Amino acid sequence: MSEYDEMKREIAHLKFQMQENTVVHNSYMREKRELECIRQGNVEGLKQCIREPMHGPVGTLSKDALRSRKYVAVCAMAIYARAAIDGGILSDDAFAAGDSWAIKIDEAKSIEEVGRIAGEMAVFFAQMVREHLEETKNQEQQNKRIEECKKYIFQHLHEKLTVKEIARNLLVNPDYLSHLFVECEGITISNYIQGRRVDQAKNLLMYSPYDGKSIASYLGFSSQSHFGHVFKEHTGMTPKEYREKYGK
């Protein structure tokens, strides 16, 4: 008899013994609901599943009761970690968390302690996913706010622009907007505005007949000399030199 056939025989014998002793495994549907709660970061839903009474014993993976319970908990850890990955957690983070919980399980001194650890472990993975989803949602909102800010700047580039005025139109706090912009873009709003005005000035110098004074006035620079100073800081050339080199 092959090893495969031998294993099938042992499985059939075990199923017969379970039927004779009216042993029923816990519902797979409950396990599916637990895993779905972890994938969605639904901590409260998971806690509700854990509180539900079990309708059968956990699997027997060793003749030693405590070791068997630990094996079952470690198997659950591996499944929970993969459910968390499905929920958006990086695999390295999920597996590292799983290793940490496996050590806690291994160090447990009683079946009751293993059961407590297993419940805490499931909630931990669900919490990881929930925090990740909240952070992702917050990041999306921040990105949207930055894009709204940039769009407003582009549409009003020829006007006098201040952080306070932009924030008022976007219905946000000026300090919050300033901090968020620096955090996301790495520069201040004022420097961003200055850069976009210089970009617009380049186009006007290349393709329009307007002189430096007119361009400076149109783009909201305080004076022609200020425009020239800022332009040279960004391009290394004066507006006149830029036009002579790139003007069409």
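How many helices and how many strands are there in the chain? There are twelve helices and zero strands, where helices are DSSP runs of H or I with at least four residues, strands are runs of E with at least two, and both are numbered from the N terminus. Read along the sequence, this gives the pattern α-α-α-α-α-α-α-α-α-α-α-α.

Before selecting anything, note that this is a predicted model, in which local features need pLDDT of at least 70 and side-chain atom pairs count only at pLDDT 80 or more, while totals for chains, interfaces and linings use all residues. Residues are numbered from 1 along each chain as its sequence is written, and side-chain values use heavy atoms, with hydrogens and water left out.

**The whole chain**

Start with the chain of 248 residues, of which 33% count as buried; buried means under 20% relative accessible area, exposed means over 50%, and partly exposed lies in between, with a 1.4 Å probe and protein chains only. Among contacts (heavy atoms within 4.5 Å) between residues at least 6 apart in sequence, 62% join residues at least 24 apart.

**Helices H2 and H4**

Next, select residues 28-40, which form H2, and residues 65-86, which form H4; the two helices pack at an angle of about 45° with their axes 7 Å apart. That angle makes H2 oblique to H4, given that angles under 35 degrees count as roughly parallel, over 145 as roughly antiparallel, 65 to 115 as roughly perpendicular and the rest as oblique. Axes here are lines fitted to C-alpha atoms, for helices over the stretch in contact, and angles run from 0 to 180 degrees between N-to-C directions. On the H2 side, the contact is made by Glu31, Glu34, Leu35, Ile38 and Arg39, and on the H4 side by Ile79, Tyr80, Ala83, Ala84 and Asp86. These contact residues divide into six nonpolar, no polar and four charged, where Ala, Val, Leu, Ile, Met, Phe, Trp, Tyr, Cys and Pro count as nonpolar, Asp, Glu, Lys and Arg as charged, and the others, Gly among them, as polar.

**Helices H3 and H6**

Now select H3 (residues 43-51) together with H6 (residues 111-155), which pack at an angle of about 165° with their axes 9 Å apart, so that H3 is roughly antiparallel to H6. Show the side chains of Val43, Leu46, Lys47 and Ile50 in H3 and look across to H6, where Gly119, Ala122, Val123, Ala126, Gln127 and Arg130 complete the contact. Here the division is six nonpolar, two polar and two charged.

**The cysteines**

Which cysteine has its sulfur closest to that of cysteine 37? It is cysteine 49, at 4.5 Å, too far for a bond; a disulfide is a pair of cysteine sulfur atoms within 2.5 Å, and the structure holds zero of them. Cysteine 37 counts as buried at 10% relative accessibility, whereas cysteine 75 is partly exposed at 42%.

**Leucine 171**

Move on to the loop between H7 (163-170) and H8 (174-185), where leucine 171 lies. Most residues other than glycine have a negative phi, but phi of leucine 171 is positive, near 60°. Leucine 171 counts as exposed, at 76% relative accessibility.

**Isoleucine 215**

Finish in helix H10 (residues 212-218) with isoleucine 215, which counts as buried at 1% relative accessibility. Not counting residues up to four places away in sequence, isoleucine 215 touches Ala201, Leu204, Leu205, Tyr210, Phe227 and Arg243. Select histidine 158 as well: histidine 158 and isoleucine 215 are 57 residues apart in sequence and 9.6 Å apart in space, C-alpha to C-alpha.
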